[in-house]
Amino acid sequence: MIYKAPNKDIRFALNELAELPAICTLPGYEDCSVELTDAILEEGAKFAEGVLAPINKQGDKGAKWTPDCNVTAPEGFKAAWQQYVEAGWVGLRAPAEYGGQGLPALVALAAEEMWCSANLAFSLAPMLTLGAIEAINHHASDELKAIYLPRMSSGEWTGTMNLTEPQAGSDLAQVRSRAVPVGDDSYLISGQKIFITWGEHDMADNIVHLVLARLPDAPAGVKGISLFIVPKFLVNADGSLGARNDVRCVSIEHKLGIHGSPTAVMSFGDAGGAVGYLVGEANKGLSYMFTMMNHARLGVGIEGMAVSERAYQKAVEYARDRVQSRAIGSADAAGVAIIAHPDVRRMLMTMRAQIEAQRALAFYAAAALDRAARDPVASEAARNQALVNFLIPVVKGWNTEQANEITSLAMQIHGGMGYIEETGVAQYCRDARITAIYEGTTGIQALDLIGRKTASENGVTARALLEEVKVTAGKLSAAGYLSLAANLEASAQDAERCVAFILETFGSKPALAAAGSVPFLKLMGIVLGGWMMGRAALIAKAQLAEEDADRDFLGAKIVTARFYGEHFLPQTSGLAAAIIHGAESVLELDESLF
């Protein structure tokens, strides 16, 4: 199956829904433009389609670990990485002062969608590298920035994030890795980290590990965690690589999917201590790492949507080619392509509508990220930061949970052939499954959403967003899209009732609010996705009045928005009932009876 980058859909979401032209006017982004972005997307499509997609299936055979603690990337990956580096793709949103292109996150994430669709396992290496660049650029000393950022921005060196330990998953208060000061501004790091994506490989000259560890006098809990740069190879004063650091990959995991991305068990300090360098101030490592994690979580939301897009394209291709059974209601006994059958159409529309809504919402969040970083009006920057904070758990959680449904539907459309590995669709199901787990499970995202992002600010951002949703519903009604308007209005009201319930219970009975946190995350995804689809319908209608309008494309936007309104928005009433009235039954059964 040949992947085709959906550039027309990407451009519509970028320019119309995320308002790229306005982003390009922000300070520091003046060199960016719609025309430049179009050129980037065109070249990105060629790279994704011609270089990354062809090696995706080969990557599914997995990376190779050797007893000398080295890892070889799958066949074709190292050559693809070199082409990726030479083309400058790593540096799209890396800081310009360190050799990157300094483009908006919105533009970079649009390109990242194509990498993730074409080859999810490969795309994780640059995603983690960019997250490490963000953390170092925001929090490290100028000296450390000068040493590491130029080569990371170019892709000569890659980056990782080392948080998890065998006893410390989501509860990072349990981190035990140690950092002992040596006296020359360096530290000796010891401990073990697990689940380290691209923690060891042969694609780049060096790997820069960002490691959470505790100083000897650190306070207990998350307040005692510091962040350290620990390179695979030490760096000499002139920037050349020196001796191998005391860092080893002692194994790689055997996983359900993303086999092309080695998930490493990393051991630090087996021979006396790995040399590391403190990032920022001591005991502030967790807050620093959240800089990386927020970008990574938005990136994982893109992953979920992107692998869904790849699965959708494969399902459409199969549905056009597979002839089976007569058309429903037809007297002609001749078989027809299964795309003519109503239930196959329902499944394809279910996939298509969610992907379009997810893309729009993810790009909208990326635009808010750019505004938060660059808007010259402090109040607007702060408002957009609050918006980013609220949207990231929704984009990460909703996009990835639905990716499991969407890729499963792609397999269902293939029937028995979908269950056969040679067909290829099974890989998308396996690859998609991790996206709802890593960078914080859906349950963690949901607790973040109801706690830090809703209750802690008394619902200000949530209610402001829902007011905008209702404004769009009013515009849809005036435009004659009555059913979509009514469903969007009703879903916004369902969401408002749930926000009120969370605010009423979180302080006094937090377990009740937490019991419905994942349904609330899903509800907000559906509502905000519906808002994006409503906006898309209004924009498409306005553009249809233009003489050179792309009538098929714009008409499809309106039909897809209607489908979303009729099939997804009504789900919020059931979710709201479960959130508000079903919390006690979640908690009532004694744990001994499970």
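I started with Val-180, which sits in strand E4, residues 178–181. The model I am reading is a predicted one. I looked up the exposure of Val-180 and found it partly exposed, at a relative accessible area of 43%. Val-180 also belongs to a nonpolar surface patch, together with Val-182 and Leu-188. I noted the area of that patch as about 220 Å².

**Helix H9**

Next I checked H9, which runs over residues 285–321 and has 37 residues. From first C-alpha to last, H9 reaches 53 Å, close to the 54 Å expected at 1.5 Å a residue. I then looked for a bend and found one of about 30 degrees at Thr-291. How many of the 37 residues of H9 are buried? I got 31, so H9 is largely enclosed by the rest of the structure.

**Cysteines**

I searched the whole structure for disulfides and the search returned 0. Cys-24 was worth a separate look: its nearest cysteine sulfur belongs to Cys-32 and is 3.5 Å away. The cut-off for a disulfide is two cysteine sulfur atoms within 2.5 Å, and Cys-24 is in no disulfide. I recorded Cys-24 as buried, at 8% relative accessibility. For Cys-116, the closest cysteine sulfur is in Cys-429, at 17 Å, which is too far for a bond. Cys-116 is also buried, at 5% relative accessibility.

**Start of helix H10**

I moved to Asp-343, which lies in helix H10, residues 342–374.

**Salt bridges**

A search of the whole structure gave me 27 salt bridges. I followed up several pairs.

The entry for Arg-11 shows a salt bridge with Asp-38, with 2.9 Å between the closest N and O atoms. Which helices does this pair tie together? Arg-11 is in H1 (residues 7–17) and Asp-38 is in H3 (residues 34–52), so the bridge joins parts 27 residues apart in sequence. I found Arg-11 partly exposed at 25% relative accessibility. Asp-38 is partly exposed too, at 24%.

Another pair I opened was Arg-371 and Glu-19, whose side chains meet in a salt bridge at 3.3 Å, N to O. This pair links distant parts of the chain, 352 residues apart: Arg-371 is in helix H10, and Glu-19 is in the loop between H1 and helix H2 (20–23). The burial values go either side of the cut-off, as buried means under 20% relative accessible area. Arg-371 is buried at 17%, whereas Glu-19 is partly exposed at 36%.

I then took Lys-557 and Glu-356, which form a salt bridge at 3.3 Å, N to O. Lys-557 is in helix H18 (residues 551–567) and Glu-356 is in H10, so this bridge ties together parts 201 residues apart in sequence. Are these two residues buried or exposed? I found both Lys-557 and Glu-356 buried.

Finally I traced what else Lys-557 and Glu-356 connect to, and I found them in a network of salt bridges with Asp-9 and Arg-352.

Conventions: Residues numbered from 1 in each chain as written. Predicted model: local features only at pLDDT ≥ 70, side-chain atom pairs only at ≥ 80, totals over all residues. Heavy atoms only, no water. Patch = residues over 30% accessible without salt bridge, like charges linked within 9 Å, V, L, I, M, F, W, Y side chains within 5 Å. Areas by Shrake-Rupley, 256 points an atom, 1.4 Å probe, with all protein chains shown as cover. Salt bridge = Lys/Arg side-chain N within 4 Å of Asp/Glu carboxyl O. Helix = DSSP H or I, 4+ residues; strand = E, 2+ residues; numbered from the N terminus. Buried < 20%, exposed > 50% of the residue type's maximum accessible area, 1.4 Å probe, protein only. Expected span 1.5 Å × (residues − 1). Bend = angle between axes of the 7 residues up to and from the residue.
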